[in-house]
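The sequence and structure are shown first.

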Amino acid sequence: MAGKPLMHAVQYNSYGGGAADLKHVELSVPTPSKDEVLLKLEATALNPVDWKVQKGQLRPFLPRKFPCIPATDVAGEVVGVGSEVKIFKAGDKVVAFLNYLVTNGGGLAEFAVAKESSTVTRPPEVSAAEGSGLPVAGLTAHQALTQSAGVKLDGSGQQKNILVTAASGGVGHYAVQLAKLGNTHVTASCGARNIEFVKSLGADEVLDYKTPDGAALKSPSGRKYDAVIHCATGIPWSTFEPNLGTNGKVIDITPGPSAMLTFALKKLTFSKKQLVPLLLIPKRENLDFLVKLVKEGKLKTVINSKHPLSKAEDAWAESIDGHATGKIIVEP
């Protein structure tokens with residue numbers, strides 16, 4: 001009897017190491033369990049969480065085990081289904097989220113298994129690369145705006161003043177576009193080279209974070225922010241506080257220890273101004289909603305660069321560098 005078919009994959013075997021510790025290996029193509037689909041991958045998008053897991057910033061929780069094939073955000077074609085899969089069949093084009101907690105990642109490979117509950121149909125109008133950008137970055141922006149900030153994406157409700165920091169990055173570039181679907185005035189901060197790009201996404205005013213007013217996050221039109229979608233790092237609460245409206249919130253998408261301390265202190269002192277740490281809860285219906293927005297031309301995935309799987313370490317190093325405009329994509 002012939003052995004199981006093999007695939008090319010990229011994995012790491014221990015914490016630390018960065019791009020240099022990614023190993024190219026030949027592994028058996030995974031077998032889907034009863035509630036999973038097997039995907040032939042066409043595009044995988046990287047997120048900062050991928051290299052943060054490798055660095056050990058989320059231990060002891062992640063990765064679940066070594067070796068780890070990193071990356072969670074994929075698009076591809078269904079080539080096999082588990083016995084209890086109802087929605088998908090071989091040949092379907094999809095976007096999926098491979099949860100580190102469930103499947104230990106798996107995106108930097110030629111094939112991957114995904115839970116049916118984390119998989120949505122990808123229409124022909126949405127390319128694999130565009131679709132793969134959506135799960136972590138798009139869902140984070142969506143959750144921050146709709147749940148934490150209370151923005152209604154149908155444009156109803158009172159106008160809100162929103163600030164998006166690091167607006168040219170993966171989450172930020174989706175946050176600006178999604179916010180403008182709601183009744184919002186969007187101020188965005190980014191580096192000087194990306195000001196015109198962020199304006200093209202729909203931002204009403206853009207700050208260069210290296211200028212004095214930009215570093216202070218002051219709205220050029222003198223507005224106070226109802227919510228900040230905080231996608232940057234290293235900005236203290238004292239910078240946000242004077243710029244917030246009476247009940248203003250800073251929604252921190254990468255909360256570290258100091259953010260958690262601020263969150264606790266604001267809660268304990270019943271402050272009207274709050275720091276809200278965001279923990280992404282990926283929901284299939286929200287991912288489906290984002291894919292439909294891309295199909296309708298209301299949301300776009302901006303692609304910083306594409307790399308072949310054989311050069312995945314270049315994509316990894318670019319993500320760690322932290323200056324990508326939009327998304328970094330790896331293609332098998």
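Predicted model: local features only at pLDDT ≥ 70, side-chain atom pairs only at ≥ 80, totals over all residues.

Six strands, ordered 10-9-8-11-12-13, form an open sheet in which the pairing is parallel. Strand 10 (205-208) and strand 13 (274-277) stand at the edges; each has a single partner strand, so one side of each lacks a neighbour in the sheet. From one strand to the next, the twist averages 20 degrees.

Within this arrangement, strand 8 (residues 160-164) and strand 11 (residues 225-230) run parallel and are joined by three bridges. Valine 164 has isoleucine 229 of strand 11 as its bridge partner. Helix 5 (residues 170-179) lies across strand 8, strand 9 (184-190) and strand 11, and runs at about 160 degrees to strand 9. Helix 9 (residues 257-268) also packs on the sheet, where it touches strand 12 (244-252) and strand 13; the direction of helix 9 makes about 130 degrees with that of strand 13.

**A helix pair**

Helix 1 (residues 48-55) packs against helix 11 (residues 312-321) at an angle of about 95 degrees, and their axes are 9 Å apart. Because angles of 65 to 115 degrees count as roughly perpendicular, helix 1 is described as roughly perpendicular to helix 11. Helix 1 contributes Pro48, Asp50, Trp51 and Gln54 to the contact, while helix 11 contributes Trp316, Ser319 and Ile320. Classified by residue type, this contact comprises four nonpolar, two polar and one charged residues.

**Pocket and cavity**

The second largest pocket holds about 330 Å³ of space. It is lined by 18 residues, of which Ile69, Thr103, Asn104, Gly105 and Gly106 are the closest to its centre. Strand 1 (6-11), strand 2 (23-28), helix 2 (100-103) and strand 6 (111-115) each supply at least two residues of this lining.

The count of cavities of 30 Å³ or more comes to one. Lining the largest cavity are Leu139, His142, Gln143, Gln147, Leu280, Ile281, Pro282, Lys283 and Asn286.

| Feature | Second largest pocket | Largest cavity |
|---|---|---|
| Volume | about 330 Å³ | about 40 Å³ |
| Largest share of lining | strand 6, three residues | helix 4 (residues 134-148), four residues |

Note on methods
Residues numbered from 1 in each chain as written. Heavy atoms only, no water. 1 Å grid on protein atoms, 1.4 Å probe; cavity = no way out; pocket = protein on both sides within 12 Å on 5 of 7 lines; lining within 4 Å. Points joined across faces, edges and corners; volume = space filled by probe spheres on them. Axes fitted to C-alpha atoms, helices over the stretch in contact; angles between N-to-C directions. Parallel < 35°, antiparallel > 145°, perpendicular 65-115°, else oblique. Contact = heavy atoms within 4.5 Å. Nonpolar A, V, L, I, M, F, W, Y, C, P; charged D, E, K, R; others polar. Pairing = 2+ DSSP bridges.
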